[in-house]
Amino acid sequence: MRCIKALTALALLATPLLAQKEAPPSPGTPKDFRVPPRKTVSLPNGMKLTIVPYGVVPKVAIRLQIGTGSIDEGPHEIQLSALTADMLLEGTTARSAQDISRQAAEMGGTLGSASSDDQVTVGGEALSENAERFLGLVADVVLNPRFAESDAARLRANRIRDNAIALSQPQQISRVRFRQMIFGDHPYARVFAPDSMLSRYSAGMVRAFHARNYGARRAHLYVTGVFDPARVERAARAAFGKWAAGSPPTLNPPVPVSHRQLDLVDRPDAVQSSVRVGLPVADPTSPDWIRLNVTDAILGGAFGSRITSNIREDKGYTYSPFSFVGAWPRTGLWLEVADVTTNVTGASLKEIFYEVERLRSEPPPEAELAGIKNNMVGLFAIQNSSRNGLINQLQFVDQYGLGDGYVAGYVKNVLAVTPDQVKATAAKYLDPARMTITVVGDKKTVEPQLEPYRAAVP
Amino acid sequence: MFQGSTNLGKLEFIKLVESNGGILNGSTRFDFTNYFEIVPAHTLETMLWAEADRMKGLAIDSSNLRNQQDVVKNEVKVNVLNQPYGSFPWIDLPMTANENWYNAHNFYGDLQDLDAATLSDASAFFRRYYAPNNAVLVVVGDFSPARAKTWIEKYFAAIPPAELPPPPDLSEPRQTAEKRASRVDSLANRPALGLAWHVPDRWTPEWFAFGLIDQILGQGRDSRFYQSLVQEKGYTSEVSAGINWGLGHQFNYQGPMLWIVSLFHDSSVPPDSLVAAVDREVEALMTKPVDAATLARARTKIRSGLYDTMEQFSGFGRLDMLASFALFDNDPGRINRLEAEFAKVTPDLIRRTARAFLRRDNRTVYTIVPGAQASAAGSQ
């Protein structure tokens, strides 16, 4: 759903500020926050099951994560994993597509499937009283898909249309171009298949992809919310117990490019430029990971962060800039993303690099860092206070083998980061000379502005 | 409103919330503007003080105003002007379907109007509307209500009320003929179709019936539109539908309001074929009473969906519904009566509501004609 996230200018004339300013009342004592405990078991075929009773709302989230995705596509199979995930919902040996849709709805459920770089997710949420039935539906679509040729034809056409629409959006063009430049010839660099490639995908190819890459050894079922744990575990063992183990997940870590590259994609007369600036950093298993996340939060990851304060609240170049640290096997990526007014594209890059360099050369003031760390601790509580937020957190921990100590120690480890460590982390990882820049915008206006950023200043 | 208040300078409000472990935002809709924070419970008093502080008076200067004009212009660019389809369907359809200026103008704002705003305009608007007698305050979470009331009294009670102007007449005349409109979108590469119908007034039995009609026709893969247009005919991958689509849902507006249905399609399928497929499902609802299983399923979807709405964005959804019912109806307790009202709806009421509101002359059809060159990937 589209939202107008408006931190708008409903502003007011100055009130004379002659009196001394009043300070905010101090907060009370924080209450403890603990991520709810989980139970994780392995089925004999290698599938894992994690259950976390949580909350009071009578709903349950059930999500099967399978370790496959773009990573298992050949160069001529782009989006075959996505099409396979789409096809799961089109019928099983026992249920028609209509049965699946109707039954999910009768459970107050929404069943979905999606494919990403290295994870396929199948599942959704349903009313608590239908937890076991919904789990059975998830199992059926994953284990017994029908994969009919007529469905493949229709879903191919949908993908072709949806790709075309996505590629008319400047942010998507920028994302795709950035991935191509940073991931080179790795499967992660291939986002959208050309129409001619998609048109060749048959139900047989989908079936083969499924047979090759779906299996119990790659699967982890997560259940959170309000449900009966014993009954859900029994239902999971019954539904997935006979699933073949299959092959282990593919390990093919990318080797991202780590030197200055710049590319401008022309979008004639665009009123904004869609900018991405980023580079490879440490992955989640690194001892630097938490420090990188704190460094990112102070730099661009929060509303009150430095880059946002600079290019939005001071300069007015943009509306919703943000930065983040993303995780992939054996690499992370730090990225700043912003849609900026065309005639200040170069000026925006200048300010982004200014803030990066400033953090690399001076430790942040204690108070600024304390504020950002508190923000991260608060966000950690917020993000782990929903059924799907919990699954996201646990799945991240499991995918990167971090152990539950990561969750238990997160707050302590964030709060332990010092100003000197932030400076050292920025200096170690966020070297502008190693950053890749993509800009999607009006070439005739933007190109001269980008000249200073084409080559890294030695 | 984030630029400075009596005791907090520019960015200080934001930093106060963030450094206390919270998140914040604000938004403007057809008939309300809200500001909210989601913060750890122990910071409640701090946040009540800060919200009262900015209701007491903003302190901004011309450079802050200029900055926020630039920021909002960038907001309109990123959400509308630099996006394919941009204003479709969420701005295009209200502007076409409505007659009353209040409902039919571009609510997102013209860039020229934004530039023309002065400090005194902003000041006058603030003084007229940002007053305690024109606002509701909702607090949801883990705290002592008695203590919260003490703090609210302490920080808000002394803020003077404003003399409120009479509310504008927002009523829409009854639509008597179908409307059609179209525009060429130079950034879009596939056509799109949007339809809108004026919906029944809030809290009428028909309004609840319409909520179920939305479920039966438009929500989820089991819906009749999905089954026909996606599953059977393959015209599109998704049909979007909703009351207050794009800006909210059935429970957070005062009205008048539209039900909007939209989809993207290929040039090989003419809009009339799509409209005909929609008509078949609408007409079936007008002529045949819905069967018991369909009605039961729609009610289950409503119940499940209400939980989702309330939990939306870390509980903001519940806060937002309570605020809407408090502001528009002076009765936040209505949140607990929704399910019972939906349970009263009969197949006959659904049929009558469909006949009264889904009639063709209560409808607007809007089409997007793609004006972009075919992408490198080519069209089919």
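This is a predicted model: local features need pLDDT of at least 70, side-chain atom pairs count only at pLDDT 80 or more; totals for chains, interfaces and linings use all residues.
Trainee: Which elements of chain B give two or more residues to the side that touches chain A?

Mentor: Among them are helix 1 (12-19), strand 1 (23-28), strand 2 (33-38), helix 2 (44-56) and helix 12 (292-329) of chain B. Helix 3 of chain B gives the most, with 13 residues.

Trainee: What makes up that side by residue class?

Mentor: It divides into 38 nonpolar, 41 polar and 18 charged residues. In total, 97 residues of chain B are in contact with 84 residues of chain A. The area buried between the two chains is about 7,800 Å², and carbon and sulfur atoms give 54% of it.

Trainee: How many salt bridges does the rule find across the interface of chain B and chain A?

Mentor: Seven. Over all chains, the structure holds 63.

Trainee: Why is the pair A:Arg161 and B:Asp266 called a salt bridge?

Mentor: Set the distance against the cut-off. The closest N and O atoms of A:Arg161 and B:Asp266 are 3.1 Å apart. The rule asks for a side-chain nitrogen of Lys or Arg within 4 Å of a carboxyl oxygen of Asp or Glu, so the pair qualifies. The wider idea is simple: side chains of opposite charge can pair when their charged atoms come close.

Trainee: What makes A:Lys59 and B:Asp308 a salt bridge?

Mentor: Their closest N and O atoms are 2.7 Å apart, and the limit is 4 Å. The pair crosses between chains, from strand 3 of chain A to helix 12 of chain B.

Trainee: Is A:Lys59 buried or exposed, and how do you know?

Mentor: Buried. Its relative accessibility is 1%, and the class takes anything under 20%.

Trainee: How do you know which strands pair with strand 3 of chain A?

Mentor: Count bridges. Eight join strand 3 to strand 5 (residues 120-127) of chain A, and seven join strand 3 to strand 6 (residues 219-225) of chain A. At least two bridges are needed, so strand 3 pairs with strand 5 and with strand 6. Both pairings run antiparallel. A:Leu64 stands opposite A:Val122 in strand 5, and A:Gln65 stands opposite A:His220 in strand 6.

Trainee: Why is the pair A:Glu129 and B:Arg303 said to join two chains?

Mentor: A:Glu129 lies in the loop between strand 5 and helix 3 (131-143) of chain A, and B:Arg303 lies in helix 12 of chain B, so the pair links the two chains. Their side chains meet in a salt bridge at 3.2 Å, N to O. B:Arg303 counts as partly exposed at 23% relative accessibility.

Note on methods
Residues are numbered from 1 along each chain as its sequence is written. Chains are lettered from A and ligands numbered from 1 in the order in which they are written. Side-chain values use heavy atoms; hydrogens and water are left out. Contact means heavy atoms within 4.5 Å. Buried area is the accessible area (1.4 Å probe) that two parts lose on being put together, summed over both. Helices (H or I, at least four residues) and strands (E, at least two) are DSSP runs, numbered from the N terminus. Ala, Val, Leu, Ile, Met, Phe, Trp, Tyr, Cys and Pro count as nonpolar, Asp, Glu, Lys and Arg as charged, and the others, Gly among them, as polar. Buried means under 20% relative accessible area, exposed over 50%, partly exposed in between (1.4 Å probe, protein chains only).
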